Amino acid sequence: MAATTRAITIASNSTYSLLGKKPFLGARSLRLNNLKVSSRTTRSFTCKAIYYPEVTVKEDGQPQTLDYRVFFHDKSGKKVSPWHDIPLQLGDGVFNFIVEIPKESSAKMEVATDEPFTPIKQDIKKGKLRFYPYNIHWNYGLLPQTWEDPSLANHEVEGAFGDNDPVDVVEIGESQRKIGEVLKVKPLAALAMIDEGELDWKIVAISLDDPKASLVNDVDDVEKHFPGTLTAIRDWFRDYKIPDGKPANRFGLGNQAVNKDYALKVITETNESWSKLVKRSIPSGELSLV
């Protein structure tokens with residue numbers, strides 16, 4: 001079947017003005033605003049932006065094929081990067097989160113950090129599409145404008161070096177989101193996963209439009225209002241590689257989720273690393289900075 005290109009629905013809950021607070025670092029920033037929804041095949045949401053007044057998220061190719069990509073485009077049709085061009089911080093402790101993997105799905109989708117404009121694609125290993133051995137039970141994705149520096153050792157987490165990717169987010173709200181959806185979230189906790197010796201932070205967050213969002217503001221609130229969720233997240237990421245014959249992942253910081261303040265520290269530090277990366281202060285290797 002020939003490759004196709006079509007726009008997909010984005011039910012974004014990002015709403016803030018051009019005069020809102022600045023992102024942490026860097027000048028590359030979209031200002032997401034109101035969603036336009038229709039029953040047509042092609043749908044788009046508009047953005048008030050310094051540089052890109054509108055963004056459309058489009059699928060290129062067929063899902064679950066090697067060449068499937070989800071691209072972000074501005075109003076003129078130019079491609080933009082969800083990693084580099086969407087702002088991290090919205091102010092008042094709220095951040096943008098880009099969904100790569102909807103909850104209750106198993107296709108291992110990720111931003112292609114080594115491809116121009118860093119589209120979302122399905123991960124490949126040995127020429128085959130990757131799937132988790134079972135569904136992930138939360139929405140999963142990344143914080144834009146963050147990067148876990150592989151040359152930087154974290155002495156609080158066994159001296160582990162960063163995994164060369166944006167920071168991961170586990171969003172615990174009740175709704176299943178869509179690939180490429182941009183949500184406003186607040187961080188609640190963090191888990192320091194060590195994957196084959198590399199540090200791979202998991203920021204636990206909740207979308208502001210979730211019915212329980214007002215009830216949770218820190219790690220203890222998660223335990224109270226989402227009992228067992230932090231343990232379930234840790235155990236899921238610890239064990240998901242075992243069916244493939246690999247050892248379990250490990251966790252630093254006492255094998256426990258740390259609080260919101262620590263999560264914000266991780267976000268700040270990895271945003272600083274990203275800023276150095278895009279300023280070419282750190283070698284980018286095969287990473288795309290476009």
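What follows is a chat that goes from the whole protein to single strands, helices and residues.

Modeller: Before we start, this is a predicted model, where local features need pLDDT of at least 70 and side-chain atom pairs count only at pLDDT 80 or more, while totals for chains, interfaces and linings use all residues. Residues are numbered from 1 along each chain as its sequence is written, and side-chain values use heavy atoms, with hydrogens and water left out.

Biologist: How many helices and strands does the protein have?

Modeller: Helices (H or I, at least four residues) and strands (E, at least two) are DSSP runs, numbered from the N terminus. On that basis, the protein comes out with 3 helices and 21 strands.

Biologist: What percentage of the residues in the protein is buried?

Modeller: Buried means under 20% relative accessible area, exposed means over 50%, and partly exposed is in between (1.4 Å probe, protein chains only). The protein has 290 residues, and the buried share of them is 53%.

Biologist: Which way do the residues of β5 point, and are they buried or exposed?

Modeller: In a regular strand the side chains alternate between the two faces of the sheet. In β5, Arg69, Phe71 and His73 point one way, while Val70, Phe72 and Asp74 point the other way.

Biologist: Which residue in the turn between β5 and β6 has a positive phi?

Modeller: Two strands pair if DSSP finds at least two bridges between them. Here 2 bridges join β5 to β6 (residues 79-80), and the two run antiparallel, with Phe72 opposite Val80. They form a hairpin with 4 residues between them, and the turn residue with a positive phi, about 95°, is Gly77.

Biologist: Which strand is joined to β15 by 4 bridges?

Modeller: Strand β15 (residues 139-142) has Asn139 and Gly141 pointing one way and Tyr140 and Leu142 the other. It pairs with β8 in the antiparallel sense over 3 bridges, and Gly141 is the bridge partner of Val99 there. Asn139 has Glu171 as its bridge partner, and the strand joined by 4 bridges, also antiparallel, is β18 (residues 168-171).

Biologist: Why are the buried residues of α2 on the same side?

Modeller: In helix α2 (residues 229-239), the buried residues are Thr229, Leu230, Ile233, Arg234, Trp236 and Phe237. They sit on the same side of α2 because they cover an arc (taken from the directions from the helix axis to the C-beta atoms) of only 160° around the axis.

Biologist: How far does α3 reach from its first C-alpha to its last?

Modeller: Helix α3 (residues 260-278) has 19 residues. The expected span of a helix is 1.5 Å times one less than its number of residues. That gives 27 Å expected for α3, and its reach is close to that, at 27 Å.

Biologist: Which strands are included in what covers the buried residues of α3?

Modeller: The buried residues of α3 include Tyr262, Val266, Trp274 and Leu277. At the start of the helix, a side-chain oxygen of Asn259 comes to within 3.3 Å of the backbone nitrogen of Asp261, and just after the helix Arg280 takes a positive phi of about 65°. As for the cover, it includes β8 (94-101), β19 (182-195) and β20 (198-207).

Biologist: Is Leu199 buried or exposed?

Modeller: Leu199 lies in strand β20. Leaving aside neighbours within four places in sequence, its contacts (heavy atoms within 4.5 Å) include Glu148, Phe161 and Met193. With a relative accessible area of 3%, Leu199 is buried.

Biologist: Which residues is Ser284 in contact with, leaving aside its neighbours within four places in sequence?

Modeller: Ser284 is found in the segment after α3 and is partly exposed, with a relative accessible area of 24%. Its C-alpha is separated by 9.6 Å from that of Asn164, 120 residues apart along the chain. With sequence neighbours within four places left aside, the contacts of Ser284 are Leu277 and Leu289.

Biologist: What is the relative accessible area of Asp123?

Modeller: Asp123 has its place in the loop between β11 (120-122) and β12 (124-125). Not counting residues up to four places away in sequence, Asp123 touches Lys108, Glu110, Lys128, Leu129 and Arg130. Asp123 is buried, and its relative accessible area is 11%.

Note on methods. Polar contact = N/O pair within 3.5 Å; in protein donor to acceptor, adjacent residues only side chain to side chain.
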